[in-house]
Amino acid sequence: MNKKEFLRRLSELIKDVPEEEKKDILFDYEEHFRIGLEKGRKEEEIAASLGDPKVIAKQSRASCILKEAEKTTSVNNIMRAIFAAVGLGFFNLVIVLGPAIGLIGILVALFASAFAITVSGVAVLFGTLIGPVFAWNVYIPFAAVVSIPLGIGLTTLGLLALIGTFYLAKFFYKLCISYLKINLQIITNRRNRE
Amino acid sequence: MNIQFKKGVLELCVLSMLERQVCYGYELVNKISKSISISEGTIYPLLRRLKSEELVTTYLQESQEGPPRKYYKLTELGRKKEEELKKEWFTFVKDVNNFLKGSEKNE
């Protein structure tokens with residue numbers, strides 16, 4: 001493999017890393033080749049001693065994508081970070097994807113419950129207040145005295161639960177990032193020792 | 001020397017090298033790979049990690065032979081980390097040595 005081939009392969013393998021970071025990574029290897037050539041080494045020889053671009057790319061990608069997820073909070077970024085971590089090996093498939101699915105499951109369940117409570121509150125309230133006006137056939141097994149406060153209470157509770165779940169989701173996001181960071185350290189050290 | 005030993009202490013070697021002198025990437029890789037045979041490419045991701053952990057900083061400097069080169073310099077935090085890792089390493093080596101000598105006597 002010559003210089004051009006090495007850089008092309010590496011660049012292809014890290015194409016989803018942010019442009020700035022990618023340039024920075026490639027710059028280091030370009031410089032390495034340049035100085036090596038100045039010292040009278042051959043391109044093929046330098047490429048061989050650098051090792052497999054795949055190994056280099058895996059190590060660079062995972063940490064870059066995680067850094068990005070930390071900077072800008074988005075579902076897309078965290079998903080990419082999770083999958084980059086999962087891509088580092090079978091071991092990670094278990095210890096990253098498992099907890100990730102668990103957390104997402106909890107969040108979906110909480111959002112659904114909070115949403116359902118809110119809807120039921122609104123339904124009770126409207127059923128009681130507007131139902132009789134339009135002569136809807138709404139059956140509410142309470143007197144208006146009970147059902148109006150009940151409706152307001154349920155709606156408030158549901159909205160509070162929605163807000164609570166939102167904060168919990170943010171907390172999970174941070175938790176996820178710290179976990180992936182620790183994981184990345186362990187994985188890269190493990191890989192270096194292999 | 002066993003390959004697993006070599007790669008495990010790569011971080012310590014890089015920090016220790018930079019503790020002695022400021023280096024550009026090629027120089028660092030070259031010197032380390034002279035004493036420890038590793039795939040040289042893996043030192044660069046390590047350097048990027050050390051930079052993001054603020055253990056080293058980089059700057060560009062002109063060279064006589066051509067375009068500017070990227071130099072790596074240890075930060076105060078890096079200096080502390082180097083000392084800490086070195087201490088751990090020597091304690092570890094001493095303990096293993098003692099253990100190995102002890103088991104020879106007992107044979």
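Helices (H or I, at least four residues) and strands (E, at least two) are taken here as DSSP runs, numbered from the N terminus. The model on screen is predicted, so local features are reported only at pLDDT of at least 70 and side-chain atom pairs only at pLDDT 80 or more, whereas totals for chains, interfaces and linings use all residues. Residues are numbered from 1 along each chain as its sequence is written, and chains are lettered from A, with ligands numbered from 1, in the order in which they are written.

**Stop 1: helix H2 of chain A**

Select residues 19–38 of chain A, which form helix H2. H2(A) has 20 residues and reaches 28 Å from its first C-alpha to its last, close to the 28 Å expected at 1.5 Å a residue, where the expected span is 1.5 Å times one less than the number of residues.

In H2(A) the buried residues are Ile25(A), Asp28(A), Tyr29(A), His32(A), Phe33(A), Ile35(A) and Gly36(A). What covers them comes from both chains: it includes H1, H3 and H4 of chain A, together with helix H3 (25–35), H4 and E3 of chain B.

**Stop 2: the contact between the chains**

Show both chains together, and count two residues as in contact if their C-beta atoms, placed from the backbone, lie within 7 Å. The contact takes 19 residues from chain A and 20 residues from chain B. On the side of chain A that touches chain B, helices H2 (19–38), H3 (43–50), H4 (53–71) and H7 (144–193) of chain A each supply at least two residues, and H2(A) gives the most, with eight residues. By class, this side of chain A has five nonpolar, eight polar and six charged residues; Ala, Val, Leu, Ile, Met, Phe, Trp, Tyr, Cys and Pro count as nonpolar, Asp, Glu, Lys and Arg as charged, and the others, Gly among them, as polar.

**Stop 3: helices H1 and H4 of chain A**

Select helix H1 (residues 3–13) of chain A with H4(A): the two pack at an angle of about 35 degrees, with their axes 9 Å apart. Axes are lines fitted to C-alpha atoms, for helices over the stretch in contact, and angles run from 0 to 180 degrees between N-to-C directions. The crossing of H1(A) and H4(A) is right-handed, the term for a near helix turned clockwise from the far one by less than a right angle, with anticlockwise being left-handed. The contact is made by Phe6(A), Arg9(A), Leu10(A) and Leu13(A) of H1(A) and by Pro53(A), Lys54(A), Ile56(A) and Ala57(A) of H4(A), a set that divides into six nonpolar, no polar and two charged residues.

**Stop 4: helix H6 of chain A**

Move to helix H6 (residues 90–129) of chain A and select Ile106(A), which lies in it. Ile106(A) is partly exposed, with 14 other C-beta atoms within 10 Å, and its C-alpha is separated by 9.8 Å from that of Thr165(A), 59 residues apart along the chain. Val124(A) is also in helix H6 of chain A, but Val124(A) counts as buried, with 23 C-beta neighbours inside 10 Å.

**Stop 5: the sheet of chain B**

Buried residues make up 24% of its 107 residues.

The three strands form an open sheet in the order E1-E3-E2, with antiparallel pairing; strands count as paired if DSSP finds at least two bridges between them. Strand E1 (23–24) and E2 of chain B stand at the edges, each with a single partner strand, so one side of each is left without a neighbour in the sheet.

E2(B) and strand E3 (residues 69–74) of chain B pair over six bridges; among the partners to select, Gln61(B) is bridged to Arg69(B), and Val56(B) stands opposite Leu74(B). Two bridges join E1(B) to E3(B), where Tyr24(B) stands opposite Tyr71(B).

**Stop 6: Glu54 of chain B**

End in the loop between helix H4 (43–52) and strand E2 (56–61) of chain B, the place of Glu54(B). Glu54(B) has a positive phi of about 60 degrees although it is not a glycine, and with 12 C-beta neighbours inside 10 Å Glu54(B) counts as exposed. Most residues other than glycine have a negative phi.

How values were computed:
A residue is buried if 20 or more other C-beta atoms lie within 10 Å of its own, exposed if 12 or fewer, and partly exposed in between; C-beta atoms are placed from the backbone.
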